[in-house]
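Some notes on local features of this model follow, as numbered points. Please read them alongside the structure.

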Amino acid sequence: MDITYDIHGNTRLASAGIKLRCKLVKVVMTRFAAVTALCALLTITSIQDPHAGVAAQDGVVVEPVSAFAKVENRIGAVPLGSTTDAELVARERDTLAPKERRNGESFEFQAEVSRLMDIIINSLYSNKDIFLRELVSNASDALDKIRFLSLMDKTLLSDGKDAELDIHIKVDKKENVLSIRDNGVGMTKEDLIKNLGTVAKSGTSSFLDQIQSGGDLNLIGQFGVGFYSVYLIADYVEVISKQDDDKQYIWESSADGSFSISEDTENEPLGRGTDIRIHLKENAAEYAAEGKLRELVQKYCQFINFPIYLWVGKEIEDPVEEDKDTAIGKGTSAENLEDKKEETEDEPDREEAEPKTKPVKRTEWNWEYLNNMKAIWLRNPKDITPEEYNSFYHSLTKDFSEDDPLAWTHFNAEGDVEFKAVLFIPSKASQELFDDYYTNTPQLKLYIRRIFTSDGIDELLPKYLAFLKGIVDSDTLPINVSREMLQQLSSLKTLKKKVVRKALDMIKRIMDDDPDEIISEDEDGLEDNEEEQTNEKKGKYAVFWKEYGNFIKMGVLDDSANRKRLAKLIRFQSSKSGEKLASFDQYVARMKPDQSHIYFMTGQDKNQLKNSPLLEKLLKNEYEVIYFVDPLDEYVMQHLTEYEDKVFQDASKDSLKILGKEGKVKMKKAAKMYKKLTRWWKDLLAGESIGFVKVSARLANTPAVVVTSRTGWSSNMERVVLAQALVDPSKVSQMKSKRILEINPRHPIIRMLLQKVTEDPADEVAHRVAVLIYETALLESGFTLNNAKTFAEQIHSLMKLVLDVDPNAQVEEEEDEVDLKDDDSELNNFELEGTGENDNGAGNISDPEPVNMLTEHFEDIETRVASDFGRNAPPSNDVVGEDDVKRQIFKEASQIFKPDSEQSLNDEL
């Protein structure tokens, strides 16, 4: 071989030697390959196929049995080389692993997948169940679109299978694959890239900015975020889609930052539509259960416009006749069978025995129709009967009792937010509504384009209307955002405003249809059929108020925008309503011509208010007074200042205006006359939180009352606040206003007190009487005494004065008690003898105290007091005569301690 050297000293082969060696190698390899191929061909043809041997016997072709698998059982093989059975295609498709196809065209997602998953899993969706809602919603949009396009091109929905628009859900439990298929408009290759490769069109960052700014989030029908919720339960997804104008393609991705699209040549033709195959994660196996899928469809997609079917299997048993081989296998020999055959031939008249059967279980698969409930709110209200509304209410609320709703309203709203709604008022309020008022969530179900979105959106209804039940279905709200994001939408506030107004109109309609709520009593114009209808609705609003009255009152506190509407719904009892409930409209209609105020008073019960001295003059002059007896009424009336230009006036507050011009002139004269007494009285009560003492225009028979300022707490309000569990008494005392003592200038006690103070301001009797009148007025006005013991001592001192008892007289010492420690057994068996006329036998005595002696003591006091009052009875307007409290105490005490027998226990002991 020639060797040459270059200028750098390197060796290299000569070109001639290289060419020669290459030619020799090529010739040898070519010949060797030809010989090898020929030998292999001869070997194959010379070997006989053990499965190909066929023996012909009597014209029947017998195929030998072999332990080896048949050619068509091998994946990818084609039997006979010319046909392909459907089972082979199915087997081949089932063996495909959930990996992206290598011949597919790969693309990168527009948005960062890591950021996308963070949005979907952590921010937008709080549970995994919503993936089905999103996918069914997209399928419904595709069906809507093809139906819309068919209006312009009728050939798109020609007669046949493609004309039936529906959604099918199927589970392959063996492969753990969930399939959701629709025959909607389908997608082309460009649509798959555009719709499934883009997150909110403009990327993740813009998507977040759009949500936070409350912009237009209507992404329905664009897949986008809604489609990617499928990766909450899937680790690999295939989307097979076919549009009429394009081929069938497969979109597939494992959410690893890319996706691929390839032409579908392995699956059966869809014709038109989309099939989404979800390869479930290991922790999402529950979504392969038929019961779980049925539950989700009925929860989220119950009112979809298109039928939704689920592939379900049902195990059934078929009776199968036992064959002879089975009988032999059970122990019947061939000889016995021959004997039975001969016996049967000998007895031709014997009836043939019925063949024996055995149950064989098999699974029958069918499509189950899931969303069979129709969306009643999409129909015209005029075409729906009350029975249909009641049936829909029971199915919606799962309330299967016999109680129908009190009322319902069905309406459509248009404008910025378009929606349809059906609202119901249950016949009874649940106890949970009262126990958890501030934590209650509205019981309205929010649907968006017939897809259930949520039933706990706080911004859908205010708290005071949380008792309403029903459905709100909007076509303009976005569906593929979470409940938290949905509550921030400005359009939801507009929807809430319209729903509240319609709900209040529904309640007002109950009131207007109730004959008990009619202001005018002229019912002569009613015809017979109208009377029958009104009788059915009679008292219906009273039932509503009993169940939900407190919610309406809470609405007055919380909803300032609808406060006037809610005020018309409030009911109460008054001095002229009797036992019925009255409204503010009825009160205004009964007002006196010169009356400019609506008078009311709050308290614990109606009887207490009716007998209150604060209302004496009002009731005497036949003014109607409203009785508010619910603790919540105190807060309600702080927010209601007027009604129909009539100002509310609390009868327990200062500045009660009930006098005319002449009355005001008389009051000025009386105030001037009692000026010295009022000043003296104020100085006397300087330590009692008294603002001032004044002459009253509200009293008729009572000497004095205590009221509060117009902006201060009433006595009932103080009681309500102090009754709260976590109240701080020290802070409550700071909120109390100065009290005002009003005196009756026409009462004889007040006149006599004025005379005594004028003669001697230091008169001890006048001091004690003034303090006692003030404390008595506190009790009658509903306040509590700071020191009840001092008040009792004043009563006792006054009684000593009336009974001519020495003020310095001391209480007698108790007599020595009998030592009964040794006689306990005898005392337990002690018998009281009867008086002769009423001998009721004996009784056991558990207390050794001389009860009869105490009773005789009280009876003696009662007798002496009665004789003193009969002998020297004071005038009816005297202090003691008016306030005979102690005498009543004696009577009650004597009844309490009076024994069953008149026999004195002292004597027996």
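1. Arg450 sits in the loop that joins strand 16 (443-448) to strand 17 (451-454). Helices (H or I, at least four residues) and strands (E, at least two) are DSSP runs, numbered from the N terminus. Although not a glycine, Arg450 has a positive phi of about 65°. Arg450 counts as buried because its relative accessible area is 11%; buried means under 20%, exposed over 50%, and partly exposed in between (1.4 Å probe, protein chains only).

2. On the basis of these notes: this is a predicted model, in which local features need pLDDT of at least 70 and side-chain atom pairs count only at pLDDT 80 or more, while totals for chains, interfaces and linings use all residues. Residues are numbered from 1 along each chain as its sequence is written, and side-chain values use heavy atoms, with hydrogens and water left out.

3. Glu622 also has a positive phi of about 65° without being a glycine. The residue lies in the loop between helix 20 (616-620) and strand 21 (625-628). Is Glu622 buried or exposed? With a relative accessible area of 57%, Glu622 is exposed.

4. In helix 23 (residues 675-684), the residues Leu677, Thr678, Trp680 and Trp681 are buried. Seen down the axis of helix 23, the buried residues fall within an arc of 165°, so they line one face of the helix; the arc is that of the directions from the helix axis to the C-beta atoms. Arg679 and Asp683, on the other side of helix 23, are exposed.

5. What covers the buried residues of helix 23? The cover includes strand 24 (690-695) and strand 26 (739-743), along with helix 26 (748-759) and helix 27 (764-780).

6. Leu581 is placed in the loop between strand 19 (573-574) and helix 18 (584-589). Its relative accessibility is 31%, so Leu581 counts as partly exposed. Neighbours within four places in sequence aside, Leu581 is in contact (heavy atoms within 4.5 Å) with Trp545, Arg571, Phe572, Gln573 and Gln586. From Leu581 to Tyr541 the C-alpha to C-alpha distance is 9.9 Å, with the two 40 residues apart in sequence.

7. Phe148 belongs to helix 4 (residues 130-150) and, at 52% relative accessibility, counts as exposed. Together with Leu151 and Met152, Phe148 forms a nonpolar patch on the surface, with about 400 Å² of accessible area in total.

Methods:
Patch = residues over 30% accessible without salt bridge, like charges linked within 9 Å, V, L, I, M, F, W, Y side chains within 5 Å. Areas by Shrake-Rupley, 256 points an atom, 1.4 Å probe, with all protein chains shown as cover. Salt bridge = Lys/Arg side-chain N within 4 Å of Asp/Glu carboxyl O.
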